[in-house]
Amino acid sequence: MRRVVITGAGVVSPLGDSRAALHAALCGGRSAAKPLELFGDEKLGCTLACEITDFDAQKYLGGRNLRPLDRTARLVASAARLALEDSGFGVETLAREAVGLVLGTMFGSLRTISEFDRRALTAGPTYASPMDFANTVISAAAGQTAIMHGLRGVNSTVSTGASSGLQAIAYAADLIRAGSARALLAGGAEELCFESFYGFDRAGLLCPSNNSAPVKYPIPFDARRGGFLLGEGAALLMLEDASRARERGAHVLAEVKGVGSAFDPSRGKDDGKAVAAEARAARLALEDAQLQPASIDCLSASANGSLCADRREAYAIADVFASAARKLPVTAVKSMLGETLGAAGALQVVALTETMRDGVLPGIRGLEETDGDFPPVVASPQNRRVDVSFGLVNSNGFDGHSSSLVLARPSRR
Amino acid sequence: MKQPRRMERRVVITGIGLVTPVGTGREAVWRNLLAGRCGVAPVEAYDTGELSVHRGAEVKQFSAKDYLINTDAETVGRASQFAIAAARLALEDAGLAPDAVEPERVGVSMGTTSGEPLEIERFDDRLVNGELGEVGAEFMARYPCHNISANVAGEFGFGGLNILIPTACAAGNYAVAYGFDALRAGRASLVLAGGADPFSRITYTGFARLGAIAPELCQPFDRNRKGMIPGEGAGVVVLETLAGATRRGARIYAEVAGYGLSCDAHHMTAAHAEGDGAVRAMEEALRSSGTRAEDVSYVSAHGTGTPTNDRLETVAVKRLFKEAAYRLPMSSIKSMIGHTMGAASAIEAAVCALAIQQDCIPPTMNLTEPDPECDLDYVANEARGHEVNVAMNNAYAFGGNNSSLVLKKCEV
């Protein structure tokens with residue numbers, strides 16, 4: 001069977017715009033959380049977010065006409081440019097070969113959708129712009145990015161809530177394994193916007209910002225955790241058929257060794273079924289990688305500070321790893337990046353490739369005491385030295401979707 | 001037992017569930033398509049007042065409670081209601097009780113253009129009217145598009161892979177292709193694959209502003225065609241491995257043999273002038289399915305009825321099939337059910353499977369005056385008995401996305 005390797009990454013995040021910068025920020029314990037600048041509303045219970053301050057796509061996309069691109073499309077097109085550069089795909093290669101894009105996103109640009117509708121409501125439908133309408137489709141960012149960079153291969157978008165980014169990488173890896181594609185950009189993106197922020201706020205899922213709250217920041221697995229903060233960003237990885245990467249002498253960051261996905265049909269209403277689905281996704285990924293749980297050297301958790309989601313993930317880790325869980329270092333980068341929804345899983349993969357390279361696993365910012373309410377997770381607020389041959393990435397949605405991915409350090413020759 | 005290797009697994013369609021503007025259920029829809037019934041009428045879902053067009057293809061007399069047994073219809077959006085109904089019909093059509101299959105090995109792969117747009121429209125109404133305080137937890141629980149595939153799995157208790165592919169007007173084909181890949185890779189034993197979209201004022205307004213909606217009829221390939229007619233609905237097929245279907249003695253409609261996806265990388269709403277991407281998608285569909293161009297017996301056209309689409313699709317089919325294109329029947333059921341968005345190519349894939357099983361091709365209706373630039377055999381106005389061994393289902397989308405799916409008569 002064909003093997004799939006990662007030969008580059010493009011990152012646009014509130015903690016930096018390269019894999020090295022992201023890793024340095026995470027290992028420096030930097031939090032991206034700060035008071036909202038993009039929008040505000042007196043009705044919001046949460047007023048903090050992990051925004052990309054002063055995001056300027058011109059920096060990555062030069063003098064191109066960016067007017068037709070909304071924030072989501074700019075994030076994706078910028079990350080794509082960086083990933084193409086990082087992996088050494090130039091204009092000539094893209095003209096010769098149909099490179100594709102598989103994007104994970106929860107909403108696309110909800111702001112574009114809602115603004116188009118509201119303009120028609122308030123000014124009248126004849127004032128709604130046809131060009132804006134083209135951007136209301138959830139796949140618009142992937143389409144705009146393909147146009148900007150000449151990506152003529154498979155162009156797909158997948159939506160599985162907060163696990164979209166990892167699911168997109170899993171999908172792309174399968175396309176390469178099956179021989180349907182040789183090189184694909186894959187990952188995820190999400191913008192911060194008022195409409196989705198307000199929805200999460202009303203659902204009571206975000207960290208309360210009032211002064212009586214015990215913590216205003218997300219602290220995954222901590223006993224004091226009270227919710228998550230929303231973030232934004234984009235991360236795309238260049239996935240290639242390993243033999244093709246070898247032929248062109250590409251630098252390999254990691255190998256996608258196995259993927260697994262599962263669903264909880266109770267949609268989170270039944271704790272046992274929710275834990276079972278997460279465990280199933282991880283087991284399927286390990287089976288796909290032909291590895292035993294004990295071979296995994298570290299785990300990048302999906303945990304974002306939610307009361308319920310973090311507890312379930314801890315139970316799922318205990319279920320899959322059994323006694324090996326006691327020796328499994330776990331990190332949760334959402335303590336610093338926030339919950340970036342569709343981008344989250346892809347950002348975790350990028351961060352883990354850096355941990356594989358330099359052996360430093362970022363700590364969980366703010367962690368004091370893991371919750372005694374669930375099985376112990378080997379988490380730490382401090383960075384740890386780890387020698388990672390194989391790492392597991394978990395990415396879970398809020399209402400049933402789970403994906404896991406096994407990453408392998410490239411073999412040394 | 002040792003699983004067969006990936007390339008040895010064949011994938012077949014054993015169940016079809018349809019919710020369309022010309023009826024609900026495989027038999028009713030097929031009968032009405034062959035009879036040339038059109039589901040186009042004045043729009044009732046919302047007031048099209050200020051626009052210059054007012055007709056659409058809506059699903060009338062749909063009672064969600066007839067199909068949603070384990071889901072409270074009030075708690076899910078209209079796309080999810082359609083999707084669950086189509087899924088239930090497909091499972092029944094396949095002769096599968098939901099408990100007859102290992103639920104953790106059943107996947108759901110759905111496509112959509114707009115997800116659950118009525119939920120964001122309600123949000124926008126409240127925002128505009130200064131009633132945002134009335135938004136509660138239900139908005140986030142109902143709006144995100146992944147709810148469509150999640151609600152289908154929730155209704156039946158399916159815990160296998162679950163994915164929503166929002167690739168606009170080609171999403172149904174993408175979703176079937178994903179299910180096909182998942183079965184071939186051994187990631188599921190059975191996949192419900194399809195697409196769903198509800199009638200939406202955002203979609204209707206948008207296409208109206210693009211000048212793409214016809215005032216009266218959808219007339220694909222006609223010289224006087226004036227555009228598409230937005231529609232709504234859902235289509236779901238049961239995909240399983242040939243080995244599994246044979247073991248349980250299932251009726252097989254057709255085999256999914258392969259597909260091709262490509263991107264023009266050219267323009268968000270306009271196709272490439274020579275149909276480059278469309279040709280590449282068809283070529284890849286033929287290659288991956290091991291099919292020669294001359295063996296294709298029917299093309300289910302994207303055929304929206306817009307002046308540009310139909311002309312360019314004709315150009316692309318001629319580029320690929322050359323002289324044989326003139327003898328190759330190609331029809332568009334959008335002439336009858338309108339453009340059902342993310343559901344369209346799923347419904348059309350199901351119709352291709354029926355065309356193969358019944359050796360009969362549904363017509364392109366409302367084609368009264370031939371267009372010199374559209375000079376192929378569009379099966380005008382009357383269904384045709386015709387041996388269909390291989391069908392190609394084409395669908396195109398915003399962003400320059402092209403998809404072609406190849407279905408074949410299943411020879412064991």
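**A walk through the model**

Mentor: Start with B:S403, which sits in strand β15 (residues 401–408) of chain B. Helices (H or I, at least four residues) and strands (E, at least two) are DSSP runs, numbered from the N terminus. Keep in mind that this is a predicted model: local features need pLDDT of at least 70, side-chain atom pairs count only at pLDDT 80 or more, and totals for chains, interfaces and linings use all residues. Residues are numbered from 1 along each chain as its sequence is written, chains are lettered from A and ligands numbered from 1 in the order in which they are written, and side-chain values use heavy atoms, with hydrogens and water left out.

Trainee: Is B:S403 buried or exposed?

Mentor: Buried, at 1% relative accessibility. Buried means under 20% relative accessible area, exposed over 50%, and partly exposed in between (1.4 Å probe, protein chains only).

Trainee: What is B:S403 in contact with?

Mentor: Leave aside neighbours within four places in sequence. Then the contacts of B:S403 include B:A170, B:N173, B:Y174, B:G260 and B:N393. Contact means heavy atoms within 4.5 Å. B:R280 is 123 residues from B:S403 in sequence, with 9.3 Å between the C-alpha atoms.

Trainee: Over to chain A. Where is A:L75?

Mentor: In helix α3 (residues 71–87) of chain A. A:L75 is buried, with a relative accessible area of 0%. Beyond four places in sequence, A:L75 touches A:V12, A:I52, A:F55, A:E190, A:E191, A:E232, A:G233 and A:A234. A:G188 lies 113 residues away along the chain, and its C-alpha is 9.8 Å from that of A:L75.

Trainee: Which residues touch the most other members of the largest nonpolar core?

Mentor: A:F197, A:L239 and B:L239, in a core of 157 residues. A nonpolar core is a set of buried Ala, Val, Leu, Ile, Met, Phe, Trp, Tyr and Cys residues joined through side-chain atoms within 4.5 Å. There is also a second, separate core of 40 residues, which includes B:A87, B:C145, B:A196 and B:V236.

Trainee: New topic. How many disulfides are there over all chains?

Mentor: The search finds 0. A disulfide is a pair of cysteine sulfur atoms within 2.5 Å.

Trainee: How many cavities of 30 Å³ or more does the search find?

Mentor: It finds 9. On a 1 Å grid over the protein atoms alone, a cavity is a set of points where a 1.4 Å probe fits but cannot get out; lining residues have an atom within 4 Å of a point. Grid points are joined across faces, edges and corners, and a volume is the space filled by probe spheres set on the points. The largest cavity holds about 100 Å³.

Trainee: What lines the largest cavity?

Mentor: Residues of chains A and B, among them A:F133, A:V137, B:P117 and B:Y143. In chain B, α3 (117–128) and α7 (201–209) each supply at least two lining residues.

How values were computed. 1 Å grid on protein atoms, 1.4 Å probe; cavity = no way out; pocket = protein on both sides within 12 Å on 5 of 7 lines; lining within 4 Å.
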